[in-house]
Amino acid sequence: MDLSRLVPVAVLLVALRPLHSHSAGDAKSLHPVVLVPGYAANQLEAQLTAAYEPSEPVCGARKGKGWFRLWPINHTAMDDPHQATCFTDQMSVVYDAVADDYGNAAGVVSRGPFFASTRGLIGWDPLVRQLEAVGYRDGESLFGAPYDFRYSVAPRGHPSVEGARYFAALARLIERASSLNEDQPVVVVPHSLGCALAYQFLLGRPLAWRRRYVKRVVFVAAALGGFAEGMNILAAGMDLDLPNLARPSRTRLARSQQSALWRLPTPMVFGDRPLVVANNTTYTAHDIVEFLEAIAFPEGVRPYVTRVLPMWEALPAPMVPVTSIIGVGVSTPETFVYGEDGFMGTPEVVYGDGDGDINMVSLEAIEKEWSGVEGQVLKVVRLPGVHHTDFFSVGFALKKVVDEVLKASRTAKPCRTIEVQTDMQVPVGEKRLRVQVL
């Protein structure tokens, strides 16, 4: 799978009129909204300092010349194979085993521009326009929380400079959004990788803070258990749509990034399901260490075991109201079967249910783990036929996301039930499972 496809498509297939009509008074009553993008769904900028040592002379052309766009890619420039090499060098990150943390290549400084604004987000324009149509305003009641998606965070006892910086900024943003809007709590709307980050962020905040500042989290396509293709990405690499990128560069792009290990299927969610078959060996989520060694990525073992597994051994409920919107009924890679060429070859793929990228078992992990938790308000919305990348571009899916955000942003108290919408006969149907909550 090309991970650049995880960026939601920004162009609507049909023009949509505003989905709701609110007066100015209604707009003032809406709770502020913070959007947390997924992998590659916001801009990245970089600058090259004197410490940068280019692998080719052309790669040093921007040295000392200030900020430039690192992502999204300028595909016209990337027709030059030298520029593709430069991009790989500057986009890759490095794990320092001594410091036990990730960082940019020497001499590369990066940032996610337009923090607190939606201007730096990629693929979110249709949703932003619909929210603005009902009264939301960028930087006043609607905010973006872009980040350097090559990084993630680490468990207690392990440093994570970039991740800790982002979490601190996200906390300040949520507090500021509340302050600017009559101290109302915030609706947080993450997508894809942003869901995993937002979830870990919430777990790291005191419960009193969560209940004070977060009205509801609307997860869109949350994969809190990883996904099967996360293993194939590490084996085969990713090209991010770069033409003729050599295999060493593809695997370097995939394996160097801290967030790559977060894509791996977790033992808790995937159990003993066969995920990869190669060289007469079957690898499950319990065999990730052996898998990393088999694909000649032994340097990934330590950060996986110490920095990733501890964060995903369990999925405790966040104890703030949650809506989980997922796509279902889309053919999704489930098992990768490599032939006689082993991991150097192209695997046959066995497909199962999911949203095209994320397996159903991972999409449903929220419902499975939280639906019986006393005090956890949960609503699950299934959208038949909606691909992982299509929530903001397919008309009825966009409408449903907007509807759920607006429902969450109203001032009414959350329903004291768990609501699971599952009807596959129409775009969205309902089935309710009631439990007593406090």
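# Exercises on a predicted model

The buried residues of α5 pack against β1 (33–36), α4 (161–180), β8 (186–190), α6 (207–213), β9 (214–220) and α13 (365–370). Buried means under 20% relative accessible area, exposed over 50%, partly exposed in between (1.4 Å probe, protein chains only). Helices (H or I, at least four residues) and strands (E, at least two) are DSSP runs, numbered from the N terminus.

This is a predicted model: local features need pLDDT of at least 70, side-chain atom pairs count only at pLDDT 80 or more, and totals for chains, interfaces and linings use all residues. Residues are numbered from 1 along each chain as its sequence is written, and side-chain values use heavy atoms, with hydrogens and water left out.

**Exercise 1.** Which residues of α5 are buried?

*Solution.* 
- List them: L193, G194, C195, A196, L197, A198, Y199, Q200, F201 and L202.
- Conclude: 10 of the 12 residues are buried, so α5 is largely enclosed by the rest of the structure.

**Exercise 2.** Describe how α7 (residues 229–236) meets α8 (residues 247–256).

*Solution.* 
- Find the axes, which are lines fitted to C-alpha atoms, for helices over the stretch in contact; angles run from 0 to 180 degrees between N-to-C directions.
- Read the geometry: the two axes come within 7 Å and cross at roughly 135°.
- Classify: under 35 degrees is roughly parallel, over 145 roughly antiparallel, 65 to 115 roughly perpendicular and the rest oblique. So α7 is oblique to α8.
- Name the contact (heavy atoms within 4.5 Å): α7 gives I233, L234, A235 and A236, while α8 gives R247, R250, T251, A254 and R255.
- Sort these residues: five are nonpolar, one is polar and three are charged. Ala, Val, Leu, Ile, Met, Phe, Trp, Tyr, Cys and Pro count as nonpolar, Asp, Glu, Lys and Arg as charged, and the others, Gly among them, as polar.

**Exercise 3.** Is S92 buried or exposed?

*Solution.* 
- Locate S92: the loop between α2 (81–91) and β4 (93–96).
- Check the cover: at 2% relative accessibility, S92 counts as buried.
- List its contacts, leaving aside neighbours within four places in sequence: A105, R150, R252, L253 and S256.
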